[in-house]
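The following note sets out points on the fold, the backbone and the ligand site. Please read it beside the model.

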Amino acid sequence: MVKVTVAGAAGGIGQPLSLLLKLNPLVTELALYDIVNAHGVAADLSHINTPAVVTGHQPSGKEDNSAITAALKNTDLVVIPAGVPRKPGMTRADLFNINASIVRDLVANIARTAPNAAILIISNPVNSTVPIAAEVLKKLGVFNPRKLFGVTTLDVVRAETFLGGLLDVDPSKLRGKISVVGGHSGDTIVPLINYDSEISNKAKSRLSTSDYEKFVNRVQFGGDEVVKAKNGAGSATLSMALAGYRFAENILESLNGRNQPVLIPDSAYIYLPGIPYGKIFSDKHLNGVEFFSVPVRLQNGRIESFIDPFEGLVKTDEEQKLIEVALKGLTGSIKQGTEFVKGSK
Ligand code: APR
């Protein structure tokens, strides 16, 4: 029995993400929460012939907490793509002012109604919204760092696709062979292509320095290509839904799971000091930056441990430099998120 809640389920990401979750046979209940059209999307998806029972939850006004409470009751996993998307000229950081309060309020509800659920945050800027969530959960005394994830999987998906194109290999075969660490915005994103010797050898022999630089830049700023092409209609939705689902599926499989820790082929943006070895890792390699995306091992819907990228994945001076740049950007974004909650009532 696994219940999954999607908060922001009627949006550009929320709808295709909910569709993918409805197709997953491990999901027994899918609760769709949104401030608009939640019942419509739920009715539509409920006609699909898979086991998950779909329910829609929409508040009748600002003060109505009953819909979110029903959506969250007994849930195992909450995925949050609620918020506003980016328009041309906006950075993910520009979204901060609107999405920060949406995430803060949703997470406060999760803390009250479903304190043991795993939480996957998609709402941008993830570099700040995850620290916001952590701070809210801490404030309400229910923070479990092993169950809070910023979804950075789209960066991994893009890296696989773009590298596959450059090396002329099927990008789906690159799953688990490339890692992306750091944050989830511009130059805080750090792709590492040295995960696998066969691929790295191919990359070394095929990629010129300028191709490598273009690859890194495209992974870091791939989101802007979509924002520009959509020309005012928003940011990545379908690729983001797939990436969010890919991460959710990892959690579902670990919940279903044989009680064994499973190394998943994706990273997640997590609060390191709450994970074994995380504090030492953060002090040693990250100048004390506490949130960072790293490859994780999951067990029973929570982080069992993470892979230290500096023990084998970060190999070149270029990669080391990219991480230093990422850390500068992350420091400010994390502080902005944490202080937002500290300054809230
Ligand atoms: N509670 C629940 N849902 C909300 C709330 C809220 N407080 N506020 C907004 N929403 C819903 C909207 O009603 C909408 O259905 O969130 C959904 C957002 O959908 P879109 O506007 O289509 O945005 P989308 O492209 O899906 O992006 C959402 O994910 O990747 C990030 O940067 C992106 O932050 C943005 C978010």
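1. Basis. This is a predicted model, in which local features need pLDDT of at least 70 and side-chain atom pairs count only at pLDDT 80 or more, while totals for chains, interfaces and linings use all residues. Residues are numbered from 1 along each chain as its sequence is written, and side-chain values use heavy atoms, with hydrogens and water left out.

2. Overall form. The protein chain contains eleven helices and eleven strands (DSSP runs: H or I of at least four residues for helices, E of at least two for strands, numbered from the N terminus). Along the principal axes, the C-alpha atoms fill a box of roughly 60 × 45 × 45 Å.

3. Backbone. N124 and P125 are joined by a cis peptide bond, with omega about 0 degrees; P125 belongs to the loop between β5 (118–121) and α5 (126–139). D168, a residue other than glycine, has a positive phi near 60 degrees and lies in the loop between α6 (153–167) and β7 (179–182). Most residues other than glycine have a negative phi, and most peptide bonds are trans.

4. Polar contacts (pairs of N or O atoms within 3.5 Å). Oxygen atoms of the ligand lie 2.8 Å from a backbone N or O atom of I13, 3.2 Å from one of V84 and 2.9 Å from a side-chain N or O atom of N99. The protein covers 84% of the 720 Å² of accessible area that the ligand has on its own (Shrake-Rupley method, 1.4 Å probe).

How values were computed:
A polar contact is a pair of N or O atoms within 3.5 Å; within protein, one must be able to donate a hydrogen and the other to accept it, and residues adjacent in sequence count only if both atoms are side-chain atoms.
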